[in-house]
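Let's take a walk through this structure, stopping at a few side chains along the way. Have the 3D view open and follow along.

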Amino acid sequence: MLWIALVDRIGSGLWASVSVLYFTYVTGLSVTQIGTLVAAAGAVGMAGAPLGGRMADRLPLTHLLIALQLLRAVASFALLTTDNYALLVVFSAAGGFGDRAASVLTKLYAARVSGPDRVRYQAVNRTVANAGWALGGLAAAGALTIGTTAAYQWLLAGDALSFVAAALATARCGEPPSVTRTIATSKDPAPAARAASPWRDRAYLAYVATETVLFLDDAVFKVGLPLAIAHSDQAPHGLAPLLMVLNNVMVVTLQVPLARLGATTAAARALLIPLSAFFALGGVAMALSATGGAMAVTLFLTAGAVTFTVAEMLHATVSWELSVALAPDTAQGSYLGVHGLAQAAQRSIGPLAVTAAIATGPLGWTLFGATIAVTCMFQHRIVRDRLPRPALSVPPVTVSEH
């Protein structure tokens, strides 16, 4: 599955950095049309997370992953066949659905096969994924030097082929064990109650709502930093790609070591406290970057990128562990599917939040970081009562009489 993640992310890296350029120069869409297309794909993608998770509690996980990878491949290949706007929206939406559903199912697969080592697996997986993004982005940058229609088409085709390769590799993976998919016989007692539903679990829904805010670090790198640099009279415009490279290098080198700090559920919850501090410091650094000369602005933007990257890595560890630990074993897929809505929703509200922070100036960035920091503390409180505790009747230590 780690090899699959690498291949998948290389393909995504090929396409993500040139998708807007493809729709602009190859299919001839306007800025408004591209914005609508991306919004439609994101909206449909939000449905992919809960639907994919719900299906995973009922159907073989590997079969679903193969089907979703093939759906993504077909959607990408289909984009090459037309410049009709309506069809482009449909194909992009289908790809968005497959992307979000596959993301949730891949996480569920990892949770089922890695067991108590799931935090370390997640860290290694993020390292591999970021390396794949970097490789795909470098290949795309090389292709963009050509700048022809054929170059853009080959990048899209490479993305589609990566999904085909991922589907073929998934076919070789074993089906992980699942408590929701067992062979029942006439001797087995009938289920006493219906399976738990995340939609009736107010505590879990509140947790997912806080996750939407904590995922805003993604918008900082995709929208916030590039826009802040573009609108600054002092920051060199070439700083934006360098900060993205810095982010990738830090994740590749530090994600696994930092994951050791959250190796247990209790430790992951405790990480929310330092995480809140890094979010607050990131907001202050970005606020200070709106003042001063070129050197000061460059240093503060770099400090903001470093701080938000550390927050990103800590939150990845916390989010992975708590989202699984808070989900009942009998409905893990459904719960993780609902959790996937947080990241999908952030893709819609994140750009608005960072744009507002930039427009407001130093105060806006300070409030941006402080809001996420307060949300960390709120999440620390609301998950406390849901975490498993040792039984009081069992002594924690047994002392020998000899």
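Start with a polar pairing: the side chains of Arg126 and Glu312 make a polar contact at 2.7 Å. Keep in mind that you're looking at a predicted model. To find Arg126, go to helix H6, which covers residues 118–144. Is Arg126 buried or exposed? It counts as buried, because its relative accessibility is 18% and the cut-off for buried is under 20%. Leaving out residues up to four places away in sequence, Arg126 touches Val251, Gln255, Glu312, Met313 and Ala316.

Next, head for the loop between helix H4 (61–79) and helix H5 (85–114), where Thr82 sits. Thr82 is also a buried residue, since its relative accessible area is 17%. What does the side chain of Thr82 reach? It gets to the backbone nitrogen of Asn84, at 2.9 Å. Setting aside residues up to four places away in sequence, Thr82 has Thr27, Leu87, Leu88 and Phe91 as its contacts.

Last stop: Met55, in helix H3 (residues 31–56). With a relative accessible area of 33%, Met55 is partly exposed, because that class lies between the 20% limit for buried and the 50% limit for exposed. Together with Leu51 and Leu59, Met55 makes a nonpolar surface patch of about 240 Å².

Methods:
Residues are numbered from 1 along each chain as its sequence is written. This is a predicted model: local features need pLDDT of at least 70, side-chain atom pairs count only at pLDDT 80 or more; totals for chains, interfaces and linings use all residues. Side-chain values use heavy atoms; hydrogens and water are left out. Patches are made of residues with over 30% relative accessible area and no salt bridge: like charges are joined within 9 Å, nonpolar side chains (Val, Leu, Ile, Met, Phe, Trp, Tyr) within 5 Å. Accessible areas come from the Shrake-Rupley method with a 1.4 Å probe; for residues, only the protein chains shown count as cover. A salt bridge is a side-chain nitrogen of Lys or Arg within 4 Å of a carboxyl oxygen of Asp or Glu. Helices (H or I, at least four residues) and strands (E, at least two) are DSSP runs, numbered from the N terminus. Buried means under 20% relative accessible area, exposed over 50%, partly exposed in between (1.4 Å probe, protein chains only). A polar contact is a pair of N or O atoms within 3.5 Å; within protein, one must be able to donate a hydrogen and the other to accept it, and residues adjacent in sequence count only if both atoms are side-chain atoms. Contact means heavy atoms within 4.5 Å.
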